[in-house]
Protein chains: 2
Amino acid sequence: MMDDLDRRSLIKGMMALPVVHEIASAEIVEPTDKAKFAVIGLDHNHIFSITATMQRGGGELVSVYSKNAKGLADFHKRFGDVKVAASEDEILNDPSIQLVAGAGIPDQRAQLGIRVMKHGKDYLTDKPGIVSLEELAEVRKAIRETKRTFAIMYSERLEVKAAVKAGELVKAGAIGRVVQTVNLAPHQINQPGSDARPDWFWDTKHYGGILCDIGSHQADQFVFYTGSTVADVTASQVGNFNHHDKPNFQDFGDMMLHGNGGAGYVRVDWFTPNGLGVWGDGRLFLVGTEGYIELRKYIDVAGRKGGNHLMIVDQKQTRYMDCSEVALPFGPQFISDVVNRTHVAQDQEQALLATELVLKAQKKAIRLES
Amino acid sequence: MMDDLDRRSLIKGMMALPVVHEIASAEIVEPTDKAKFAVIGLDHNHIFSITATMQRGGGELVSVYSKNAKGLADFHKRFGDVKVAASEDEILNDPSIQLVAGAGIPDQRAQLGIRVMKHGKDYLTDKPGIVSLEELAEVRKAIRETKRTFAIMYSERLEVKAAVKAGELVKAGAIGRVVQTVNLAPHQINQPGSDARPDWFWDTKHYGGILCDIGSHQADQFVFYTGSTVADVTASQVGNFNHHDKPNFQDFGDMMLHGNGGAGYVRVDWFTPNGLGVWGDGRLFLVGTEGYIELRKYIDVAGRKGGNHLMIVDQKQTRYMDCSEVALPFGPQFISDVVNRTHVAQDQEQALLATELVLKAQKKAIRLES
């Protein structure tokens, strides 16, 4: 390393290196197939974006079922006068429906998926889709038996434009071989003006714990960007540092991962302060043998406007990419997968590997005193 | 969490939140004491900044000793015609010298420090100061017996203006209670035009491994910002992903920590690419119960000029602080510590706790295949 004076002169000298600014683009995937789908489970408003994504991808929404009256009212407000099924079975027994999407209470999602697959349909669930290793084994068994798809909407990669662009860059070898991924994923419990969280939000029994829940997005990114097909948890920690009135809640978690494609680290927390203005300053750092990528997904804190910021540094230069115009491929890819029995939008094994990692991490986590 | 459309509207809406820009200042510590010091060991050019810091703090450089001829020539070029001692003993036996500073080969530093303390002098070493747990026990014993100081120059906090400012903010409660620290500390092996690394750089036997070496800066920050007095390593990993011609080198390491003041995570690597223009895009993230701080210490990649960038978000607002004008207190504080037998500049126990953590992390690290 340089001594500090040398560092300073280099920091000044550095400004001579030009920074390239680009408006990033990526391959546009047009919807080419059509499939009828229904929605079961409206307990998290993620169902709005999941439904909209299916519609954009060629999905035709035919009916909805939920016992959650407010969820139904909100869903109708957003998607118009969608037919309400009299029961879950009405949807499951409708042979014209090829896909069921849902965002019920997390500990009900896996069993619903198994029922859906056993009725010959594919399933797309909000994350976390599975909250225990026992459920995961049941899901894998049902996939083997039914040959249907159990997809999990890891939206923090699949529905984030900068994350899509990062995937393209990594695949093209822009930073060499990926060595490690770091996800810093703070979330906000209640944005000013938002609805209060439901009771299940505060109880790990229902949502599986912080690593299982918001950690699953991050484990998905580790698996995807490292390309790991085999991976394990080196260590994990969870804690409840500042929500002592909710003893079954976890407001902090982290995990260290390693796989056959590289290493990974994930931190999740519920400490986003109101002064940020968005729900979380989500970051992804990809270290490669020949460069690195940073994503500022939802905000460039005290910096540029909007979200979807990508910085890439390689052996030659530093580039800033505005990814706000990148097209999201998941919707059309997934609808085509449903029609063609393929797994382009999401690799089934990797989707479940990500979930397996967080379930193991949750189970073995050291509980931090606070 | 919001659904994606809501997110987007909030991202746009966010820009209504004003971001406060400040030129940060911090308490200025003037040199008030004087102490004679000598330098032993010139094998890393960190000795330049260490020596300059002591001089700025009130230290009077009286002599130097090293067997490294190039090191001596460079030292003379930088600090003028400093007297070269005939032997280490000449310095150790000079009762006028109160302090010895050094940057020898890492595995020689602890033993030198013990000899220095046994001659009634204080010691300030480049990091890593200690490369084994056995040496650490010897150092602690010597401190107890001699009542002298074994200080370690963790320059990535002590000599970084933004890091000094962050310490002030944390102490003032600006982000509530610290929950976790994350250090991402990429380093560059050779900047364009720099001297080749010496042989000892490539062999963990001499430098202790990547966590012991550049990780020690980061463990120091974890201990300092969380205020931990008791801490342990949850898990650690090391690997040599891309330097297979140097089989005893480690180019990647990470460690998960927990202490009585909070949690910590550290990633270190030697993958800084040439296109960055500085030796490393060092980051520090401090998550608190009421806000967070991010430091971009040496560069704001594809962003603002120079180094020492601090972002702080609390429940009310987001602030950007340019810390380039903050005064560094370590030099004057440390010289006063030498004179007054105090530990203001660096807590002796915490300095050694940081080293203990990295030595344990190094010892228990899982070796990643690559």
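Entry 1, the interface. Before I start: buried area is the accessible area, taken with a 1.4 Å probe, that two parts lose on being put together, summed over both. I looked that up for chain A and chain B and got about 7,500 Å², with carbon and sulfur atoms giving 62% of it. I have to remember that this is a predicted model, where local features need pLDDT of at least 70, side-chain atom pairs count only at pLDDT 80 or more, and totals for chains, interfaces and linings use all residues. Residues are numbered from 1 along each chain as its sequence is written, chains are lettered from A in the order in which they are written, and side-chain values use heavy atoms, with hydrogens and water left out.

Next I asked how many residues each chain brings to the contact. Chain A brings 90 residues and chain B brings 90 residues, where contact means heavy atoms within 4.5 Å. 100% of the interface residues of chain A are also interface residues in chain B, so the copies meet through the same surface.

A salt bridge here is a side-chain nitrogen of Lys or Arg within 4 Å of a carboxyl oxygen of Asp or Glu. The rule finds 2 salt bridges between chain A and chain B. I checked Arg283(A) with Glu294(B), and their closest N and O atoms are 2.5 Å apart. Inside chain B, Glu294(B) also forms a salt bridge with Arg283(B), at 3.1 Å between the closest N and O atoms. Glu294(B) sits in strand β12 and Arg283(B) in strand β11 of chain B, so the pair ties together parts 11 residues apart in sequence; strands are DSSP runs of E with at least two residues, helices are runs of H or I with at least four, and both are numbered from the N terminus. Are Glu294(B) and Arg283(B) buried or exposed? Both are buried, meaning under 20% relative accessible area, while exposed is over 50% and partly exposed is in between (1.4 Å probe, protein chains only).

I found Asp195(A) paired with Lys70(A) at 3.3 Å, N to O. Asp195(A) is in the loop between β7 and α9 and Lys70(A) is in helix α3, so the pair ties together parts 125 residues apart in sequence. Asp195(A) is exposed at 54%, and Lys70(A) is partly exposed at 47%. Glu356(A) and Arg140(A) make a salt bridge too, with closest N and O atoms 2.7 Å apart. Glu356(A) is buried at 16%, whereas Arg140(A) is partly exposed at 25%.

The buried ones include Leu112(A), Ile114(A) and Val116(A). Just after the helix, Gly120(A) takes a positive phi of about 80 degrees.
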